[in-house]
Amino acid sequence: MSTLAPTRLRAAARTESSWARVPRVDWPLLLATAALLVIGTLLVWSATAQRDTLTEGDPQAYLRRHLVNIAIGIVLAVLVAATDHRWVRILAPVLYAGSLVGLALVFVMGSTINGSRSWIVLGGMSIQPSEFAKLSVVVMMALVVAERTEGSWRQREVRHLDVVGMLAVAALPAAMILLQPDLGTVLVLTATVFGVIAASGAPRRWLGGLAVGGIAVATVAVVGGVLKPYQIDRFMAFTNPALDPRGAGYNTEQARIAIGNGGIFGQGLFHGSQTRAGFVPEQQTDFIFTVAGEELGLLGAGLLILLLAVVIRRALSISLHSEDLFGRLVAAGIACWFGFQAFQNIGMCLGIMPVTGVPLPLVSYGGTSMFASLMAVGLLHNIHARNQRSLGLGVSSTYQSRSRY
């Protein structure tokens with residue numbers, strides 16, 4: 001008995017150690033993401049199938065492109081999820097520098113779409129560097145703080161210099177995006193930066209100062225002429241959609257009508273009257289939620305919101321259980337990014353937020369947005385797997401200590 005016991009303990013330790021090396025899948029996050037991709041594909045197909053001016057007579061044109069975007073995004077997500085945690089930190093500056101180069105190229109060879117010079121058109125493919133900038137800013141901000149506070153037996157508190165460093169990381173891409181001008185992305189980036197700084201444990205007076213500073217910058221942007229006239233008109237129409245129902249208030253008015261037509265159960269997929277008639281502009285991208293509201297009704301739209309909430313909740317949980325500061329801040333930043341962008345997108349469809357032109361994460365049509373969103377999901381899985389391996393190695397160490405005893 002005394003001879004077999006240590007042998008069994010050693011075998012258990014080896015088994016536990018081998019399992020600790022296997023990446024653990026976050027099934028709620030994976031399933032919720034998959035469901036959003038499936039629902040989004042159906043909504044994009046329904047929004048474009050009847051619009052010959054978009055599809056050039058091919059009802060499946062956008063469906064095929066969307067599926068290709070998803071396939072590429074999944075490959076990117078798997079690569080990010082399988083990358084060693086140390087390499088993620090090493091490649092963070094490369095991703096950040098690449099996003100800055102992309103934002104700079106927009107001013108050199110960019111194309112203006114819907115009033116914003118945010119796109120680089122290469123052949124039949126359009127790239128929006130600001131979408132990658134969201135992810136790169138989150139990762140780089142986390143790296144700046146982690147490099148200064150980790151590596152000692154007693155982790156230091158986040159200090160004023162750390163907050164200044166995080167703000168410096170976000171300031172340059174935010175300024176470049178504002179000059180395009182892409183106000184919607186700037187708002188999402190601002191909320192994300194605020195969330196990362198709050199999650200880092202920065203002094204509270206910084207958060208209050210940033211809130212006041214944000215209001216001041218917004219005021220200067222309006223008064224100083226940084227915003228285009230059509231953007232100011234959108235804000236005016238947000239306060240009163242009836243002010244210009246055929247102009248700046250048209251999108252909001254038609255979006256409300258489409259969602260109201262859906263009722264509780266919806267008019268049925270591919271049977272939405274507003275969607276088939278093409279009354280809602282950009283319905284496959286910025287106003288994709290109106291398709292869900294009209295064709296799937298309150299229940300279908302509610303399911304879509306619930307799935308997004310699951311993804312955001314899992315990101316917050318991964319952040320809470322992260323073993324290191326870098327992982328905690330990255331996961332928290334992704335949660336803020338997805339949360340505010342989803343709120344902004346759905347809010348402008350319901351008329352409770354101004355129209356700023358941001359896609360619904362993991363749902364809207366758009367290659368760059370899909371790539372960046374799925375890479376963020378892959379990064380969440382990477383952090384989750386590292387947390388699980390750390391827990392597994394901790395159990396394995398317990399077995400080994402018992403074996404030695």
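Here is a walk through this predicted model, from its overall make-up down to single residues.

A word on the ground rules: residues are numbered from 1 along each chain as its sequence is written. The model is predicted, so local features need pLDDT of at least 70 and side-chain atom pairs count only at pLDDT 80 or more, while totals for chains, interfaces and linings use all residues; side-chain values use heavy atoms, with hydrogens and water left out.

Let's start with the whole chain. The protein has 15 helices and three strands, where helices (H or I, at least four residues) and strands (E, at least two) are DSSP runs numbered from the N terminus. Of its 405 residues, 47% are buried; buried here means under 20% relative accessible area, exposed means over 50%, and partly exposed is in between, with a 1.4 Å probe and protein chains only. The accessible surface comes to about 19200 Å², and carbon and sulfur atoms own 66% of that (Shrake-Rupley method, 1.4 Å probe; for residues, only the protein chains shown count as cover). As for contacts (heavy atoms within 4.5 Å), take those with a separation of 6 or more: 74% of them link residues 24 or more positions apart.

The UniProt record, an unreviewed entry, lists "transmembrane region" for residues 27–46, 66–82, 94–113, 183–199, 206–227, 296–313, 325–343 and 363–383. Its positions are given in the numbering used here, feature names are shortened, and annotations may be inferred rather than shown by experiment. In the model, residues 27–46 are 100% helix and 0% strand, with 29 Å between the end C-alpha atoms. Residues 363–383 come out at 81% helix and 0% strand, and there the end C-alpha atoms are 23 Å apart.

Now to the inside. The largest nonpolar core has 88 residues, and Met141, Leu304, Phe338 and Leu379 touch the most other members. Such a core is a set of buried Ala, Val, Leu, Ile, Met, Phe, Trp, Tyr and Cys residues joined through side-chain atoms within 4.5 Å. Helix α14 supplies the largest share of this core, 13 residues. Not counting residues up to four places away in sequence, Met141 touches Met166, Val169, Ala170, Val193, Val196 and Ile197.

Next, the aromatic rings. A pair of aromatic rings is described by the distance of the centres and the angle of the planes. The structure holds three aromatic pairs; rings of Phe, Tyr and Trp (its six-membered ring) pair if their centres lie within 6.5 Å, with planes under 30 degrees apart counted as stacked, over 60 as edge-to-face and the rest as tilted. One of them joins Tyr62 and Tyr365, whose ring centres are 4.9 Å apart with planes at 55°, so this pair is tilted. Tyr62 lies in helix α4 (residues 61–82) and Tyr365 in the loop between α14 (325–350) and α15 (367–404), so the pair ties together parts 303 residues apart in sequence. Both tyrosines, Tyr62 and Tyr365, are buried. Trp337 and Phe338 make an edge-to-face pair, 5.0 Å centre to centre and 70° between the planes, and Trp337 and Phe338 are buried too.

Tyr365, for its part, is among the contacts of Thr285, along with Asn345, Pro359, Leu360 and Ser364, leaving aside neighbours within four places in sequence. Thr285 sits in the loop between α12 (273–277) and α13 (288–320) and, at 13% relative accessibility, counts as buried.

Most residues other than glycine have a negative phi, and most peptide bonds are trans. Leu362, though not a glycine, has a positive phi of about 70°; Leu362 is in the loop between α14 and α15 and is buried, at 3% relative accessible area. Phe270 is another non-glycine with a positive phi, about 75°, and is partly exposed at 25%. The peptide bond from Gln180 to Pro181 is cis, with omega near -10°, and Pro181 lies in the loop between α7 (160–178) and α8 (183–199).
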